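Subject: Structure handover

Hello,

Here is the structure for your files. My notes on it follow below.

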Amino acid sequence: MKKTLFVLLFLSGISLISAQNKDNIENEILSYTNSQTQIISKGRLLLADSFLEGDLQKVEEVRNYLLKEVDSENYIALLPGEQWLISYWTGEFYDVLDSVNYYYTKGSNSYENKIFPLEDRLYYKLVEKSWNELEKLEEKILNSDLNEEQKDFLLLHLNYMISGQPLNTISQDEINKMADLFLENHPTGKYTDLVKNNIRFRFVASNWGFAFDFFMGYAVQNGALSSQFNNGFALGHGFDVEYKKFSLYLRNYIGFTKTLEEMEVEGVAWEKEMRLTQYLPEASIGYSVVDNSKLKLSPFAGIGGVAFSPTQSDINNRPELEDSQVGFVTAYTLGANLDFKLGWNTSAILPNDKTYWFLRCRYGYTMPQMGNYPGYQGNIHYFNIGIGGVARGTKRLI
């Protein structure tokens, strides 16, 4: 009895201590007011309010406090873009030049593994007001004691800072034109490589591309073939490999036709109106002679095969049809693709007009070499319409 009572008292004591510890931690959390994160958050709010009120002296004071007093080893009080925009407003242009050059050459890794500030609207408001009063900031730069290259660089960098996210006020193409002008005026300056590597982003489609399509079509037999097999519909798919203006077309064409008369093929009787499968596999090389934002026209020539074969259901009913077919024989093909481009958004920063969906119209003239099948001479016209897509990677031009 005494032992049981002791155990109960012991457990009650533990529960009481645990509850007290929980209360202590809760009180400590509720009364915790001097954390670095909280100081940074409140400092950023004060900075934002001061900036919107036009009190640039207070902005500078708060900025300096956050950068000097906050634990910079573990916390980030202001992001580089925020610091630069603030410095544009306070007229500290030499600080911008030094900081931008250091960040893009050495300092970007120093922001890894640190605690970022809580999400707020500071950067958005800096960009928004800088855009609305862009001429005022540019006038500040032009009236400074900087040399010509420094002024031109800061004008370019300022416009770059307010382009893109979050307002998307200036397109990357416009920034690229400004960068090209800067590089033309300062081809071997201090900031030339920085502009090439970090501000001017020009992309072009790579030389290699891959495409696919699914199609349906219609085949027209001529010559002796037209008296033996009717014209028929077809289904198939294709895969393309592109290099510059050349394309390798690999196509699997399966048509559906019937016999127009009774015939004997390899000692086996084929009845009139017997269903057949027509195979026209093909590998061809095309070259684009027209390629604009709407159309792509590519004549092609290649080699493939032709065969007429009984359907599997007829073979199941008549096993002797298994080895009875007209073909496979070698066939040569000429024709042209006409692709209607349907568009494909590859983003503004990585434009790529060589990546798109397309509607493809294809005409081919196939010439089977029927020397081993006397009486089956003739050629085949086919018309296809299909839908597919082509993709090319992008590469950056420096």
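Buried means under 20% relative accessible area, exposed over 50%, partly exposed in between (1.4 Å probe, protein chains only). Helices (H or I, at least four residues) and strands (E, at least two) are DSSP runs, numbered from the N terminus.

**Basis**

This is a predicted model: local features need pLDDT of at least 70, side-chain atom pairs count only at pLDDT 80 or more, and totals for chains, interfaces and linings use all residues. Residues are numbered from 1 along each chain as its sequence is written, and side-chain values use heavy atoms, with hydrogens and water left out.

**Overall**

The protein chain has 12 helices and 12 strands. Of its 398 residues, 40% count as buried. Take contacts (heavy atoms within 4.5 Å) between residues at least 6 apart in sequence: 69% join residues at least 24 apart.

**Salt bridges**

The whole structure holds 17 salt bridges. The criterion is a side-chain nitrogen of Lys or Arg within 4 Å of a carboxyl oxygen of Asp or Glu.

- Glu 61 and Lys 58 meet at 3.8 Å, N to O. Both lie in helix H3 (residues 56-69), three residues apart, about one turn of the helix. Glu 61 is partly exposed at 42% relative accessible area, and Lys 58 is partly exposed at 32%.
- Asp 213 pairs with Arg 251, closest N and O atoms 3.6 Å apart. This pair links distant parts of the chain, strand E1 (residues 202-221) and strand E3 (residues 246-258), 38 residues apart. Asp 213 is buried at 1%; Arg 251 is buried at 6%.
- Asp 291 pairs with Lys 341 at 2.5 Å between the closest N and O atoms. Here strand E8 (residues 290-291) is linked to strand E10, 50 residues apart. Asp 291 is partly exposed at 32%, while Lys 341 is buried at 13%.

Shared partners also join Asp 213, Asp 240, Arg 251, Asp 339 and Arg 360 into one salt-bridge network.

**Backbone**

Most residues other than glycine have a negative phi, and most peptide bonds are trans. Please look at these sites:

- The Gly 327 to Phe 328 peptide bond is cis, omega near -5°. Phe 328 sits in strand E10 (residues 326-343).
- Asn 168 has a positive phi of about 55°. Its loop runs between helix H8 (148-162) and helix H9 (172-185).
- Glu 266 has phi near 55°, also positive. Its loop lies between strand E4 (263-265) and strand E5 (268-270).

Best wishes
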